[in-house]
Amino acid sequence: MKLIVLGSGTSVPHPQRASPAFWLKTTQGTLLLDCGPDAAHRMAQEELEWFNLDVIWLSHFHLDHFGGLAPLLFSLKWAPQTQQRSKPLRIFGPNGLDALLNTFNDAGNYRLFSQPFKIEIVEVNPDDQFEILPSVVATTFHTPHRRESLALRLKDSDGKTLVYTSDTGFTEELAIFSKSADLLLIECSFRRNKPLQTHLELKEMAQLARLSEAHKVLLTHLYPEWDGIDIVSEATQLWPGNIHEAIDGMIVEI
Ligand SMILES: [Zn+2]
Ligand SMILES: [Zn+2]
């Protein structure tokens, strides 16, 4: 797999960090992991084939992760690049995805589901296992963040694994879910004395990374309080593993 960081930031506007979104190329197709408000523009900026995307994964309905979805569907509907497209776009997310998207669609009469190709909405539950792409197996885990929030574990057909925690509070169960991942893409919202229980601070992230024994760890969802701080050196003082800081535009081979 190959991961391209589109947005390593949060809901807070930041000049170098877009809101959460990641492009993932698997052996079987491409996925967008979360769809923050900047996602469509960031895909274009990275010269990715946004019009050929196979799957969108939505971890939860906070607008920094979800707010780009309706605008992206609006873009796909009208873009010249999609008018000859026939393969479906599948959108996976927590229970309530269909109702939420339809409510927005109906409110503005946007006809977002009337596209040159089929849009398929697939709602999933915690602890589900399903094929997100042919031979790419996904499992989910409910994170202590929001009622519907889910972490995702993907196993590509070549055996490589990626875990995307998205937003989460601390629970050791997340380390079990992330066990031995080739890449653990984990939020590290705060440095210390976190103001919210529903996110992680550095030492909690380090504990989860250690317990998971992930082969590579990529820190994301970085609030502006991390600006100017060497997050990797602080993290490796707590756990001397293979830790990296997500930077918009970064490419990670898995
Ligand atoms: Zn967030
Ligand atoms: Zn959130």
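Is Cys 35 buried or exposed in this structure? Cys 35 is buried, with a relative accessible area of 0%. By buried I mean under 20% relative accessible area, by exposed over 50%, and partly exposed is in between, with a 1.4 Å probe and protein chains only.

Before I go on, a word on the model: it is predicted, so local features need pLDDT of at least 70 and side-chain atom pairs count only at pLDDT 80 or more, while totals for chains, interfaces and linings use all residues. Residues are numbered from 1 along each chain as its sequence is written, chains are lettered from A and ligands numbered from 1 in the order in which they are written, and side-chain values use heavy atoms, with hydrogens and water left out.

Leu 72 sits in helix H3; helices here are DSSP runs of H or I with at least four residues, strands are runs of E with at least two, and both are numbered from the N terminus. Leu 72 has a relative accessible area of 2%, so it is buried. Leaving out residues up to four places away in sequence, Leu 72 touches Leu 32, Cys 35, Ala 40, Met 43 and Ile 56, and a contact means heavy atoms within 4.5 Å. Take Ala 40 from that set: it is 32 residues from Leu 72 along the chain, yet their C-alpha atoms are separated by 5.9 Å.

Now the metals. Which residues hold the zinc ion that is ligand 2? The zinc ion (ligand 2) is coordinated by His 60 through NE2, His 62 through ND1, His 145 through NE2 and Asp 167 through OD, at 2.1 to 2.3 Å. Donors are N, O and S atoms within 2.8 Å of the metal, or 3.2 Å for Na, K and Ca, and since water is not among the atoms, sites may look incomplete. In sequence, those donor residues are spaced H-x1-H-x82-H-x21-D. His 145 is in the loop between S8 and strand S9 (150-155), Asp 167 is in the loop between strand S10 (161-166) and helix H5 (173-177), and this pair, 22 residues apart, links distant parts of the chain. Both His 145 and Asp 167 are buried.

What about the geometry? The four donor atoms around the zinc ion (ligand 2) subtend angles of 91 to 162°, which makes the arrangement irregular. For the cut-offs, four donors count as tetrahedral if all angles lie between 85 and 135 degrees; four count as square planar and six as octahedral if opposite donors are over 155 degrees apart and all others between 65 and 115; anything else is irregular.

Over to the other zinc. The zinc ion (ligand 1) is coordinated by Asp 64 (OD), His 65 (NE2), Asp 167 (OD) and His 221 (NE2), at 2.1 to 2.2 Å. You'll spot Asp 167 there again: it bridges the zinc ion (ligand 1) and the zinc ion (ligand 2), which lie 3.6 Å apart. The ligand 1 site is irregular as well, with angles of 84 to 158° among its four donor atoms. His 65 lies in helix H2 and His 221 in the loop between strand S12 (217-220) and helix H7 (231-238), so that pair ties together parts that are 156 residues apart in sequence. His 65 counts as buried at 0% relative accessibility, and His 221 does at 3%.

Last stop, two helices. H4 covers residues 97-108, twelve residues, and reaches 17 Å from its first C-alpha to its last, close to the 16 Å expected at 1.5 Å a residue; that expected span is 1.5 Å times one less than the number of residues. Leu 97, Leu 101 and Asn 105 are buried in H4. Seen down the axis, the buried residues of H4 fall within an arc of 50°, so they line one face, the arc being that of the directions from the helix axis to the C-beta atoms. They pack against helices H2 and H3 and strands S5 and S6. On the other side of H4, Thr 103, Asp 106 and Ala 107 are exposed. Just after H4, Asn 109 takes a positive phi of about 50°.

In H7, the buried residues are Ile 231, Glu 234 and Ala 235. They cover an arc of only 95° around the axis, which puts them on the same side of H7. Their packing partners are helix H6 (202-212), S12 and strand S13 (243-245).
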